[in-house]
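Here are my notes on the model, point by point. Please read them with the coordinates open.

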Amino acid sequence: MSEKKTALVISAHAADFVWRCGGAIALHAEMGYEVTVACLSFGERGESARLWKEGKSLQEVKDIRHAEAEAAAEALGVHELVTFDLGDYPLHLSQDDKMKLVDVIRKVQPRFMLSHSQYDPYNTDHMYTTQIALEARMIAQAWGHNPGEKVLGAPQLYLFEPHQTEQMGWKPDTFLDITPVWDKKRAAMEHMNGQVHLWDYYTRVAQQRANHFKRNSGGQSGGRDCKYAEGFQSIFPRTVDEL
């Protein structure tokens, strides 16, 4: 029997995984991957302006964001949505919270991981999350952490595209064609009613990255057609047998 294929997304807020890597989630789910999404917060304070303007209470905002995230995850084919409910603006993890994330990583044993850019002056929750993801990945690889558990191998950590791309020092080295699952990503985005203004923005981003996919797959001399794509920056070297 072949080894189970898994992937893990570590998302600062409840909607981040939808905008930034929803296509990758849906595509790999269709390939048979069990994709787990760990949401560290619901983004209730800093990423729910529309709900606050409607006069919702904190608990109402959290409940709405949670429900939206669950609906989006279902639309994308997420295997499990793990919600930590740690608050946002600022997001902060205690040592116990970090160990819970390590537990998730070891349970999932992902072939690859996805999280935010390493620098984001507009939203420090995002870059904090990636620092936590790197730390948790390191701990999950340590034989001396909870001896007897299966240690983590060396999954690639892909950084998905930030919102203000040019300001983040984010440089994509991987483009993924998500055209076959675009309808799933768009449907998931439309579940995020607290941030309607981003629906068309991230549609345009996907179309722009599709152009980059075509150019880098051969361009005018025979590049593969692509209508929607996502870009990622890898952190670690790849080991290959052929280029």
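1. Start with Cys21. Leaving aside neighbours within four places in sequence, Cys21 is in contact with Val9, Asp16, Leu114, Phe160, Glu230 and Phe232. Contact means heavy atoms within 4.5 Å.

2. Basis. The model is predicted: local features need pLDDT of at least 70, side-chain atom pairs count only at pLDDT 80 or more, and totals for chains, interfaces and linings use all residues. Numbering runs from 1 along each chain as its sequence is written, and side-chain values use heavy atoms, with hydrogens and water left out.

3. Main core. The largest nonpolar core has 40 residues. Val9, Phe17, Trp19, Cys21, Ile25, Leu114 and Phe232 have the most contacts inside it. A nonpolar core is a set of buried Ala, Val, Leu, Ile, Met, Phe, Trp, Tyr and Cys residues joined through side-chain atoms within 4.5 Å. Buried means under 20% relative accessible area, exposed over 50%, partly exposed in between (1.4 Å probe, protein chains only).

4. Who supplies the core? Two or more residues each come from β1 (6-11), α1 (16-30), β2 (34-39), α3 (58-76), β4 (112-115), β5 (156-160), α6 (182-189) and α7 (199-216). α1 gives the most, with eight residues. Helices (H or I, at least four residues) and strands (E, at least two) are DSSP runs, numbered from the N terminus. Another core, of 27 residues, lies apart from this one; Val82, Val104, Val108 and Leu134 are among its members.

5. Helix packing. The axes of α1 and α3 are 9 Å apart, at an angle of about 35°. Axes are lines fitted to C-alpha atoms, for helices over the stretch in contact, and angles run from 0 to 180 degrees between N-to-C directions. α1 brings Phe17, Val18, Gly22, Ile25, Ala26 and Ala29; α3 brings Ala69, Ala72, Ala73 and Leu76.

6. Largest pocket. Its volume is about 370 Å³, the space filled by probe spheres set on grid points joined across faces, edges and corners. On a 1 Å grid over the protein atoms alone, a pocket is an open set of points where a 1.4 Å probe fits, with protein on both sides within 12 Å along at least five of seven lines; lining residues have an atom within 4 Å of a point. Of 22 lining residues, Glu47, His163, Gln195, His197 and Leu198 lie nearest the centre. α1 gives the largest share of this lining, three residues.

7. Second largest pocket. About 160 Å³ of space lies here. Its lining includes Ala24, His28, Leu114 and Phe232.
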